[in-house]
Structure formats: structure tokens, C-alpha cells
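Me: Hi! Could you walk me through this one with me? I'd like to go piece by piece.

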Amino acid sequence: MAASTDTTADQPTGKAETAKKAGAPARSDGSDAFLSVRDLRVHFSTDDGVVKAVDGLSFDVEKGRTLGIVGESGSGKSVSSLTILGLHNREKTKIEGEIRFDGRELITMPERKLRDLRGRRISMIFQDPLTALSPFYTVGEQIAESYRRHLGANRSDAHARAIEMLDRVGIPNPKTRVNDYPHHFSGGMRQRAMIAMSLVCDPDLLIADEPTTALDVTVQAQILDLLRDLQDEFGTAILFITHDLGVIAQMAHDVLVMYAGRSVEKGTVREVLKNPRHPYTWGLLSSMPNLSGDVDVPLRPVRGTPPSLLAPPPGCPFHPRCDYADVVGGERCRTEPPLLALSEGRGTACHLSAEDKQRIFIDDVRPLLG
Amino acid sequence: MTETISETPAPAPDPAPKSPGEPLLDVRGLVKYFPVKGGGLVRRKMLNVRAVDGIDLSVAAGESVGLVGESGCGKSTTGRLISRLLEPTGGTIHYDGNDITHATRKQIAPIRSQIQMIFQDPYSSLNPRQTVGTIVSSPMEVNGIDPEGGRKKRVQELLERVGLNPEHYNRFPHEFSGGQRQRIGIARALALQPRLIVADEPVSALDVSIQAQVVNLLQGLQRDMGIAFVFIAHDLAVVRHFSQRVAVMYLGKIVEIADRTSLYANPHHPYTHTLLAAVPETDPDKSGNRTRVHAFGDMPSPINPPSGCRFRTRCPKAQDVCANEEPPLIGIDTLLAGHRVACHFPGPLEATAKAEESMPEERIEAALEAGITTDPE
């Protein structure tokens with residue numbers, strides 16, 4: 001367990017970036033890292049032991065850009081987003097690291113102050129719109145609620161704002177629909193209503209946690225189009241969490257691949273998807289069938305199953321499933337956790353040498369990607 | 001008319017295939033309505049959810065046929081009708097030449113063992129109180145089958161075949177991960193040496209890296225054991241990978257069916273175009289350059305589906321004839337044999353994209369409106 005005290009995060013780069021930012025007041029020029037997470041660790045205590053749900057995660061989200069976090073179930077992607085909003089169980093959760101939003105530290109922020117941020121400056125879209133919306137209130141009331149709470153608008157202004165938002169997210173006849181209840185809406189329309197709800201106060205940061213996973217593909221395409229349009233219009237920073245690399249390709253500017261609570265690869269969407277450098281990312285890409293590849297080439301799955309976060313493997317958490325641990329040689333992958341060393345926002349947490357990564361990708365992986 | 005089963009005495013343990021040209025499964029005009037209570041306080045009308053509304057489908061021995069479509073299109077209902085877990089409202093189902101449409105429990109018993117199902121959710125489809133051994137051997141027990149060497153040996157062979165440790169015979173489902181549980185479900189489906197497996201979203205609950213393991217396993221089974229599959233999924237890429245022929249469903253109807261190469265390379269139904277265009281591809285270059293055809297709104301309610309062609313409310317090509325006449329599922333001269341499309345104006349993707357450009361705003365609004373509500377009116 002000595003390994004886990006070591007950091008997989010981009011410490012050097014991280015410090016440099018924070019130092020650079022300290023000079024300029026955050027947010028003033030709009031291009032500054034707006035949300036910055038440094039070496040975040042979220043540990044839950046359970047009856048069976050400590051679950052290291054997030055173990056040394058660092059990333060930035062800039063205004064007007066989308067960072068996609070991709071990973072499988074249990075990789076810690078949702079936990080990190082809930083932690084940003086302080087939506088974790090405070091008694092059972094131990095949090096370390098830094099979450100700075102617009103220059104303010106969120107981890108130590110008191111609940112009362114966080115409430116002023118939630119829904120106002122940071123809002124969230126959840127996976128399942130039916131459970132995230134209350135069945136007892138009309139869609140309009142739910143959209144208006146946070147507008148009234150945060151901006152002190154009166155009832156009729158808030159109602160008018162709700163209609164405006166429904167119209168903005170493409171719900172027909174908003175004047176009538178504003179008085180409907182969520183069960184009157186179809187799945188896609190509910191998700192639109194939830195997006196209206198989350199954007200009603202013009203937040204600066206939108207956290208979308210698997211917002212289209214419960215939807216059919218045609219509806220998913222509509223929602224992704226809508227989110228992109230809204231981002232172009234309002235310049236919102238988006239943290240987009242999904243398990244679907246295809247959705248990432250459509251939505252994200254930058255990508256962070258998570259595995260077992262750690263970041264294993266980071267870069268722009270093109271770098272990560274066209275030129276992946278981590279064996280886990282290779283595995284994800286080569287295990288996905290696509291619409292144009294050769295159907296006779298079998299899929300190449302990642303062998304084994306994801307590790308238990310109660311007792312993650314020592315060293316690189318991916319080594320038990322990795323085909324290339326022997327290329328590195330010796331016991332390095334089994335004993336020494338690789339660091340995500342970033343250069344200009346690009347990096348992988350892997351012991352393979354740059355030449356090996358290049359060679360393996362070109363020889364073994366790219367031919368499988370169709 | 002439904003007595004045909006008794007005419008073929010005991011097809012059970014080793015039925016020789018009938019004449020080679022004949023499909024293993026032949027479905028004609030299959031219909032399933034679910035009655036629901038309609039609105040109205042005083043006089044509640046009984047309405048029907050028209051889940052499956054007249055589909056024809058045949059599956060040859062050893063072939064895999066994919067059924068794709070969005071939720072509510074009737075693909076799962078079709079699967080359950082084929083395996084006779086549901087009673088059809090109309091139409092016929094022939095299995096290996098026998099009419100099993102309304103066969104009774106007794107009549108269908110010998111065939112049950114040949115048609116097996118794999119379910120979507122590996123968590124709810126296994127009894128948490130039974131050991132893996134009990135789960136996998138129960139089909140043999142129910143059907144009174146005693147394989148050579150005993151059931152335990154057979155179960156262990158099956159576990160090994162699906163990539164599980166045969167030593168885990170005495171473990172319970174909760175001790176396995178999602179992917180492993182799905183393998184248990186597959187082992188159970190294999191226990192009776194089926195000739196047809198209806199797999200209903202067998203990989204959609206699994207993580208990407210595990211999905212491929214299960215797809216490869218099923219593919220190996222299909223190849224090595226010559227099992228025919230009806231593969232139901234919403235993921236068009238997975239279906240393309242697994243099924244030689246693919247049928248696209250919309251609101252209880254098949255709108256397009258073809259060999260996979262023809263369907264994916266040369267789709268001719270506007271709905272197939274919107275479906276394919278909506279699939280997010282992992283290659284950022286491809287997703288940018290593709291011709292996008294948009295779907296407007298959600299699928300209308302299957303209680304009161306649109307008249308004529310059911311896709312017309314969301315279709316950029318729709319004309320008056322589409323509201324009045326239902327298009328038959330027919331072949332088209334320019335396409336390969338077996339590629340059939342149910343559309344008054346079938347055509348390539350580009351034509352649909354072009355029609356969309358000139359689609360009037362009111363029609364887009366109407367499409368959004370038509371799909372907004374899930375309520376029966």
C-alpha cells in the first residue's frame with residue numbers, strides 16, 4: 001500500500017500551472033483554467049475497508065471548452081464530479097487535494113456557501129432525467145425554482161424565464177409545456193427540460209454526468225447538438241463524463257481517460273482518439289466495434305476484469321490486464337505506479353518508453369481500429 | 001392449425017434438420033398488442049399498445065439475424081414472441097417446419113429446449129439464492145436430461161466453454177462480476193444444446209472492455225456449434241459485427257432488412273439513415289465529415305401510431321401518400337436480392353439529407369410535438 005501514497009498526478013506541471021496562475025487573477029481573461037483539480041483523492045470508508053474511489057486525479061477545465069472524462073463503471077469518474085459540487089457523504093468520505101473554481105477552494109468551502117454556487121455558477125445534468133426531476137412539481141416550477149433562489153426573481157419573471165429556457169432547449173409550445181409534469185414528457189424531452197433547469201442561471205461550469213446514456217441514439221444526437229450549441233452561445237465550461245468514446249469524440253475538446261480512480265491518459269480529443277498512447281486506451285478502442293471496419297476482424301477485448309478499489313493492485317493499476325507489462329521488463333509495472341507526466345497537456349501514466357508506445361500503437365493497435 | 005407439432009413425433013433430443021432450403025425459424029405477420037387502460041374518468045376505453053404490428057422474419061439454421069431499433073420499437077417483444085414467452089396476438093411462428101404460434105405448454109415442451117434466451121441484465125436474470133451449478137443444470141433437470149457422465153460434469157464443461165473456472169460450480173451469482181454473470185447466463189442457455197438463441201441486448205449492460213469479451217464468446221459459439229441467433233440490440237455497431245443479416249424496426253414494424261454489408265453500406269430507408277447518422281463514431285475525423293441526417297423529436301406513442309408510414313412524422317421525405325398508404329416491405333431493383341425497404345420514396349443517404357435541407361420549419365415543429373408525450377391520450 002506504500003504505493004498509494006505516491007502520486008500519479010502531474011505534480012511538476014501542476015505546480016507550474018498554479019504558480020503561473022497565481023500572478024493573474026483567475027477568470028479575468030476567460031482563457032484561464034477555470035476549474036482546476038489537483039491531486040484529488042476521495043476515499044470512502046465502508047464495512048469492508050477503505051475504497052479508493054479517486055486516487056490522485058488532476059485536471060483543468062477552461063471556459064468555453066469541454067473536458068471529457070471517460071472510464072468504465074467504478075473508475076471514479078462520477079465520484080470526482082460529485083465531489084466538485086460537495087454532493088458526497090461528508091461523514092464517510094475523506095477528501096484530499098485541491099478543487100479550485102474561479103480562484104476559490106471548494107473542498108473546504110462551507111455548505112452554505114456551496115449552496116450559493118450550486119445551480120448558480122456550477123450546475124449539473126444527471127444521467128436519468130426521470131429520477132432527477134421531481135414528479136410533484138411542474139417542469140416550469142422546477143426550472144423557475146433555482147432562478148428565484150439565486151437571482152431573487154419574482155414568480156412571474158421566473159415563469160417567463162422558464163418558458164424562455166424551454167424554448168431555448170427546443171421544446172415545442174413552451175407556453176403550454178411549462179405547466180406539464182415530468183411524466184408528461186418523453187425521455188428526450190425530459191433531458192431537455194433538465195438541461196433548461198441547469199442552464200437557467202447561466203452557470204459558468206456545467207457538469208454533465210452521462211447525460212445521454214439513458215437515451216436512444218437519435219435522441220442522444222439531438223441532445224449533444226443542443227449542448228454544443230449552448231456552449232457556443234454562452235461559453236460555458238463543460239465537464240462531460242461518459243463511458244462512451246464515441247460521445248467523447250463528438251463532444252469533448254480535451255479528454256482524460258480514467259482507470260481505477262486514476263488518470264491514465266490525457267490530451268486533446270484528436271490526440272487521445274487518433275493517437276492513443278496508453279494500453280488501456282488501446283484496449284477500449286480495439287474492443288469497440290464500429291460501423292465501417294472489417295467485420296471479420298475479431299474484437300480485441302481487454303482481458304480480465306477491472307480491479308477492486310478496496311485492494312487495487314500495487315504498481316500500475318492496469319498491469320494485471322495489460323499485454324505489454326513484459327515489454328517494460330522487470331517488476332516495474334508491478335511495483336512502481338507510473339506518473340502521468342504532462343507536456344503541453346498531453347501525457348500517459350505508463351512505464352512503456354515513448355518509442356515502444358509508438359511502435360506498439362502502429363504495429364499492433366492501429367490495424368484493429370478500422 | 002396449431003396442432004402441427006403433434007404430427008412430428010418427438011423432435012426432441014436430436015432433430016434432423018428439415019429440407020435444407022427451409023428456414024429454421026419463419027415468422028409471418030406477427031402481431032402483439034398489449035391492452036392498456038386509456039384516459040377518461042367515467043368510461044375508460046381499452047386501448048392497445050401495438051408493440052409488434054405485423055412483421056415477417058426468417059432465420060436459417062446457423063445464421064445470426066440482428067434486430068435493431070430504439071427503445072419501444074418492439075424488438076424485445078419480438079424476441080419474447082419467438083421464444084414463446086409471450087402469446088402472439090396474430091400471425092404465425094414456424095420453428096423447424098412446426099407451427100408453434102399457439103402451441104400449448106405441453107406441445108412446445110420438446111421445442112423449448114432448442115430455443116433458448118439470453119437476457120440483458122445479468123443481475124436480475126440469475127436467481128441469487130442458487131449456486132451457479134444449480135442455475136446451469138436447471139434446464140437439464142426441468143427437461144429430464146441426464147447427459148453422459150452426469151449433470152455436474154456437463155455443467156463444468158459448459159462453464160469452461162464460456163470461459164469460467166469450472167471449480168466455481170458452488171459459488172453464488174453475487175460472487176461474480178457483470179461480465180462473468182452474463183457468461184453464466186450463456187452457459188445456462190447452452191445447457192440443452194439449443195439450435196436457436198434469442199439474445200436480448202446481451203451486452204448492453206456491460207462495460208466496453210467486457211462487452212467485446214462476450215461478443216467474441218457468442219461469435220465463437222455461433223461458429224463452432226452452428227447455433228442460429230436472433231440478436232437484439234440497440235447498438236448498431238455491435239449488431240453489424242455479430243449478425244449476417246440485420247432488420248431495422250420502428251414502432252412495431254420492420255422498415256428495412258438486408259444483408260449487413262448492403263444495409264450498412266447502402267441503406268435506403270430514411271429511418272435507417274437517421275439511426276446510422278446518430279451513432280457517435282470514435283474517430284473524430286469521420287464524425288465530422290459524415291452526412292448528417294437528423295431525427296426530429298422522439299418516437300410517437302405505439303398506442304396511436306401515425307397512419308400510413310409510421311416514420312412519416314419525423315421523416316424529411318414524407319409526402320401526402322405517406323399518411324394515407326402504408327408502404328410494403330419490398331425489394332428494390334438497384335439493391336441486392338434480399339434487401340427490402342418499406343418506404344414510398346426509398347433512396348440513398350444523400351437524397352434524405354437533401355430532403356432535410358428543404359424541410360419546412362412547421363414540419364420539424366410537428367415532429368417534435370408528435371414525440372413529446374409518453375401518455376396515452
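Reply: Happy to; below we go through confidence, the sheet, the interface and a few local spots of this predicted model.

Me: Great. What ipTM and pTM does the predictor give the complex?

Reply: The complex gets an ipTM of 0.83 and a pTM of 0.86.

Me: And per chain, what is the mean pLDDT of chain B?

Reply: Chain B has a mean pLDDT of 87, with 90% of its residues reaching 70 or more. Chain A averages 86, and 91% of the residues there score at least 70. In chain A, residues 1-31 have a pLDDT below 50, and that stretch has 45 contacts in the model beyond near neighbours in sequence.

Me: Which residues of chain B stay under 50?

Reply: Residues 1-19 of chain B do, and the model has 23 contacts for them beyond four places in sequence.

Me: OK, on to the fold. How many helices and strands are in chain B?

Reply: Chain B holds 14 helices and 12 strands. It has 377 residues, of which 47% count as buried. Taking the chain B contacts between residues at least 6 apart in sequence, 68% join residues at least 24 apart.

Me: What order do the strands take in that eight-stranded sheet of chain B?

Reply: The order is 6-7-8-3-9-10-12-11, in an open sheet with mixed pairing. Strand 6 (115-118) and strand 11 (330-331) of chain B each have a single partner strand, so they stand at the edges with one side lacking a neighbour in the sheet.

Me: How does strand 11 of chain B pair with strand 12?

Reply: Strand 11 of chain B pairs with strand 12 (residues 340-341) in the antiparallel sense, over two bridges. There, B:Ile330 stands opposite B:Val341 of strand 12.

Me: Which strands does helix 2 of chain B touch?

Reply: Helix 2 (residues 75-82) of chain B packs on the sheet and touches strand 3 (64-68), strand 7 (196-200), strand 8 (228-233) and strand 9 (245-250) of chain B. The direction of helix 2 makes about 150° with that of strand 8 of chain B. Helix 6 (residues 178-190) of chain B also packs on the sheet, touching strand 6 and strand 7. For helix 6, the angle with the direction of strand 6 of chain B is about 175°.

Me: Let's zoom in on strand 3 of chain B. Is it mostly covered or mostly uncovered?

Reply: Mostly covered: five of the five residues in strand 3 of chain B are buried. Side chains in a regular strand alternate between the two faces of the sheet. Here B:Ser64, B:Gly66 and B:Val68 are on one side, B:Val65 and B:Leu67 on the other, and both faces are covered.

Me: How many bridges join strand 3 of chain B to strand 8?

Reply: Five, and the two strands of chain B run parallel. B:Ser64 stands opposite B:Phe229 in strand 8 of chain B. Strand 3 of chain B is also joined to strand 9 by four bridges, again running parallel, and the bridge partner of B:Val65 in strand 9 is B:Arg245.

Me: Switching to the interface: how many residues of chain B are in contact with chain A?

Reply: 42 residues of chain B are in contact with 44 residues of chain A. On the chain B side, the elements that give two or more residues are helix 7 (208-225), helix 8 (236-242), helix 9 (260-265), helix 10 (270-278), helix 11 (284-289) and helix 14 (361-370). Helix 7 of chain B gives the largest share of that side, eight residues.

Me: Nice. And why does B:Lys153 count as exposed?

Reply: B:Lys153 is exposed because there are 12 other C-beta atoms within 10 Å, and the cut-off for exposed is 12 or fewer. B:Lys153 lies in helix 5 (residues 151-161) of chain B.

Me: Last topic, chain A. What does the UniProt annotation cover?

Reply: The unreviewed UniProt entry places "domain: ABC transporter" on residues 37-285 of chain A. That span is 41% helix and 27% strand, and its end C-alpha atoms lie 27 Å apart. The domain assignment of chain A gives domain 1 (2-132 + 202-271), domain 2 (133-201) and domain 3 (276-369). The centres of domain 2 and domain 3 of chain A, taken over C-alpha atoms, are separated by 44 Å.

Me: How many residues of helix 3 in chain A are buried?

Reply: Six of the eight residues of helix 3 (residues 77-84) of chain A are buried, including A:Lys77 and A:Ile84. Helix 3 of chain A is followed by A:Gly86, with a positive phi near 65°.

Methods: Residues are numbered from 1 along each chain as its sequence is written. Chains are lettered from A and ligands numbered from 1 in the order in which they are written. This is a predicted model: local features need pLDDT of at least 70, side-chain atom pairs count only at pLDDT 80 or more; totals for chains, interfaces and linings use all residues. A residue is buried if 20 or more other C-beta atoms lie within 10 Å of its own, exposed if 12 or fewer, and partly exposed in between; C-beta atoms are placed from the backbone. Two residues are in contact if their C-beta atoms, placed from the backbone, lie within 7 Å. UniProt positions are given in the numbering used here, feature names are shortened, and annotations may be inferred rather than shown by experiment. pLDDT is the predictor's confidence in each residue, from 0 to 100. Domain bounds come from an automatic or database domain assignment. Two strands pair if DSSP finds at least two bridges between them. Axes are lines fitted to C-alpha atoms, for helices over the stretch in contact, and angles run from 0 to 180 degrees between N-to-C directions.
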